[in-house]
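Please keep the sequence and the coordinates in view while reading.

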Amino acid sequence: MARSDQRLSANVAGPFFVDASCIDCGTCWQWDPEHFAPTGTTSRVQRQPQGEEEIRCALLALQACPVAAIGAPPELVRHTPADGFPALITRHDGGDVYYCGWASRRSFGASSWLVVRPGGHGISGNVLIDSPRWSLPLARRIAELGGLAAIVLSHRDDVADHARWAEHFGAPRWIHAADADAAPGAEHLVEGREPVALNPDLTLIPTPGHTAGSMVAVLGQRAQVLFSGDHLWWQPVQGEVVASRRYCWWNWEEQVRSVERLLDLDVAWLLPGHGDRHAFAHGEWRAALTRTLSLAKGG
Ligand code: SF4
């Protein structure tokens, strides 16, 4: 629970605040940029929510925070919706895509995503991409949406409570063999660099670089949704897709080659583990990624 005596001075006055336990993960301002903003080292409340809808949004940021660094009066907190997450991001021919909230400290607040597919069970059913913090309210909502048929772990950093989710739903996990030690017991290991189709609409593409076993997942054949883990993310200030040398833990030259492999995709949504998500108009992706590659190569 956030402590008012640890309230950061960067917050605007009012009932919502961020305290000194903030780990600067970005979850709150990526979810609710109207009210939360980065300071460079932490988050802060930049504007107090007004009215029912805005307060609901800020309360969901409080719920999503992996370290309970967001505070609000108890009479507001007790109205935090139990069914706010997963939250719909986009409807796609290959399945409805949701943001799971409930970020985990163990994955430094990484985003996780749920693809809800018609068909219910088997590998054609719903797929969780990376793991949120274990949460019974979230598990109940996912059960109402048809449960989980598979869990994809994009790389070693964002596995969080994968074992708990896998056990609860009896869902097999997929991770690349090079990062498999981060998810002992994972039922399926992706080997090498060839794409693997989990079903007709969801393909895993190994993209080594950030870690040796980094993978992205691609939903659909056209106007695709790219679940990019920590391989790529959107930087709203510069308006660019970022591949980060600073946050490359394994091999930067390999990561740049892995970025090149995604040039021919037709991405409509970029949904990363860390960093902002972004929607692209038709045809924008290739130009954006070409710019990313130019910057990555020092151009
Ligand atoms: S979600 Fe929590 S830890 Fe992450 S930036 Fe916001 S206040 Fe800080």
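Pro-86 is placed in the loop between helix H3 (74-77) and strand S5 (87-92). In this predicted model, the peptide bond that joins Phe-85 to Pro-86 is cis, with omega at about 5°.

Two alanines also call for attention in the backbone. Ala-68, in the loop between helix H2 (51-64) and strand S4 (70-71), has a positive phi of about 55° although it is not a glycine. Ala-160 belongs to the loop between strand S9 (150-152) and helix H5 (162-169), and its phi, near 40°, is likewise a positive value in a residue other than glycine.

The description now turns to strand pairing. Strand S7 (residues 113-116) is covered on both faces. Trp-113 and Val-115 are buried on one side, and Leu-114 and Val-116 are buried on the other. In a regular strand, side chains alternate between the two faces of the sheet. S7 pairs with strand S6 (residues 95-99) in the antiparallel sense over four bridges, and in this pairing Val-97 stands opposite Val-115. S7 is also joined to strand S8 (residues 127-129) by three bridges, again running antiparallel; here Leu-114 stands opposite Leu-128.

The next topic is the empty space. Rolling a probe the size of a water molecule over the atoms shows where such space is left. Across the whole structure, a search finds two cavities of 30 Å³ or more. The largest cavity holds about 90 Å³ of space. Of its 15 lining residues, Cys-22, Cys-25, Cys-28, Ser-43 and Cys-65 are the closest to its centre. Helix H1 supplies the largest share of this lining, three residues, and by class the lining divides into 11 nonpolar, three polar and one charged.

Where does the ligand sit? The ligand sits in the largest cavity. Around the ligand are 14 residues, of which Cys-22, Cys-25, Gly-26, Cys-28 and Cys-65 come nearest. H1 (residues 27-31) gives the most to this shell, with three residues. The shell has 10 nonpolar, three polar and one charged residues.

The second largest cavity contains about 60 Å³ of space. H1 gives the most to its lining as well, with three residues. The lining includes Thr-27, Gln-30 and Trp-31, together with Trp-113 and Arg-277. Four nonpolar, four polar and two charged residues make up this lining.

Finally, the largest pocket has a volume of about 790 Å³. The elements that give two or more residues to its lining are H1 and strand S16 (233-235), with S16 giving the largest share, three residues. The pocket is lined by 28 residues, of which Asp-24, Trp-233, Tyr-247, His-274 and Gly-275 lie nearest its centre. By class, this lining has 12 nonpolar, 10 polar and six charged residues.

Technical notes: Residues are numbered from 1 along each chain as its sequence is written. This is a predicted model: local features need pLDDT of at least 70, side-chain atom pairs count only at pLDDT 80 or more; totals for chains, interfaces and linings use all residues. Side-chain values use heavy atoms; hydrogens and water are left out. A residue is near a molecule or strand if one of its heavy atoms lies within 4 Å of it. On a 1 Å grid over the protein atoms alone, a cavity is a set of points where a 1.4 Å probe fits but cannot get out, and a pocket is an open set with protein on both sides within 12 Å along at least five of seven lines; lining residues have an atom within 4 Å of a point. A molecule sits in a cavity or pocket if more than half of its atoms lie within 2 Å of its grid points. Ala, Val, Leu, Ile, Met, Phe, Trp, Tyr, Cys and Pro count as nonpolar, Asp, Glu, Lys and Arg as charged, and the others, Gly among them, as polar. Buried means under 20% relative accessible area, exposed over 50%, partly exposed in between (1.4 Å probe, protein chains only). Two strands pair if DSSP finds at least two bridges between them. Grid points are joined across faces, edges and corners, and a volume is the space filled by probe spheres set on the points.
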